[in-house]
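Student: I am new to this structure. Please show me how to read it, one feature at a time.

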Amino acid sequence: KEAGLASYSDSFKDLINLMFAFDPTHRPTISEIMEHEWYNESTLSSEEVQQQLAELLGSSEEAKLNANADVPDDVPNPDVFNPTGTSKGIDGDSDEEAKLPAIERRVAEYVPAFKRCSQFFSTSPLDALFNTLLVFVSSQTDTFSLSPKDYSVTLEVTDDDCKLSLGVSILKVADQDKYCVEMAKFSGNRFEFWA
């Protein structure tokens, strides 16, 4: 709950403290727990439980509707696709407007059993997620590389003497219309880095 410990009643906290007493001989028996004030308090009716669930689900649905509200419209600089930093037009004439190369990438599948360092889920379109990732990465560091096979980026971020090597991948969640954006730390101490 958002209110933290303040959301729990004093009688509940008392019972929990008794049950987790350091000395096992001071812990209550089952019959003593059943006689405790908190155990004997009145409970919510079925209608009250349904009303609270409806309120919680309503706020959850509202959060889902707002989940894609802040997807940036920025398009990554075409130079991010070319490690040399030069980008030529279609016919080789560098005066033409730079075009993004057409690369066929596959979207890897998200496997819940292999949770990594950090992840979040989105129902945004795949290209919008990838472009947002590229805009963010190119704003944070010049040391990164794109996978030519899938929707992933490997990057190094340096702050003072700390260096962090990360990989960020966009994975398809099986049988669902959403993607997992997953970040994994390859090397470096993230605690020193973010201190």
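Tutor: Start with burial: a residue is buried under 20% relative accessible area, exposed over 50%, and partly exposed in between, with a 1.4 Å probe and protein chains only. At 13% relative accessibility, serine 152 is therefore buried. This is a predicted model, in which local features need pLDDT of at least 70 and side-chain atom pairs count only at pLDDT 80 or more, while totals for chains, interfaces and linings use all residues. Residues are numbered from 1 along each chain as its sequence is written, and side-chain values use heavy atoms, leaving out hydrogens and water.

Student: Where is serine 152 placed?

Tutor: Helices (H or I, at least four residues) and strands (E, at least two) are DSSP runs, numbered from the N terminus. Serine 152 belongs to strand S4, residues 152-159. The protein has 5 helices and 6 strands, in the order α-α-α-β-β-α-β-β-β-β-α along the sequence.

Student: What does the side chain of serine 152 join in a polar contact?

Tutor: A polar contact is a pair of N or O atoms within 3.5 Å; within protein, one must be able to donate a hydrogen and the other to accept it, and residues adjacent in sequence count only if both atoms are side-chain atoms. The side chains of serine 152 and aspartate 150 make one of 2.7 Å. Contact in general means heavy atoms within 4.5 Å. Beyond its neighbours within four places in sequence, serine 152 contacts residues including Phe130, Ser145 and Val168.

Student: Is histidine 36 buried or exposed?

Tutor: Histidine 36 counts as buried because its relative accessibility is 11%. Its place is the loop between H2 and helix H3 (46-66). Its side chain has a polar contact of 2.8 Å with the side chain of aspartate 14, and reaches the backbone nitrogen of tryptophan 38 at 3.0 Å. Neighbours within four places aside, histidine 36 is in contact with Ser11, Asp14, Leu15 and Leu18.

Student: Which residues touch the most other members in the largest nonpolar core?

Tutor: A nonpolar core is a set of buried Ala, Val, Leu, Ile, Met, Phe, Trp, Tyr and Cys residues joined through side-chain atoms within 4.5 Å. The largest one has 17 residues, and Phe130, Leu133, Val153, Leu155 and Ile170 touch the most other members. Helix H4 (126-140), S4, S5 and S6 each give two or more residues to this core. H4 supplies the largest share, 6 residues.

Student: How much of the protein is buried?

Tutor: Buried residues are 23% of the 195 residues.

Student: What is the phi of aspartate 175?

Tutor: Most residues other than glycine have a negative phi. Aspartate 175 has a positive phi, near 60 degrees. Aspartate 175 sits in the loop between strand S5 (162-173) and strand S6 (179-187), and is exposed because its relative accessible area is 82%.

Student: How far apart are phenylalanine 186 and leucine 166?

Tutor: Sequence and space give separate distances here. The two residues are 20 residues apart in sequence and 5.4 Å apart in space, C-alpha to C-alpha. Phenylalanine 186 lies in strand S6 and is partly exposed, with a relative accessible area of 48%.
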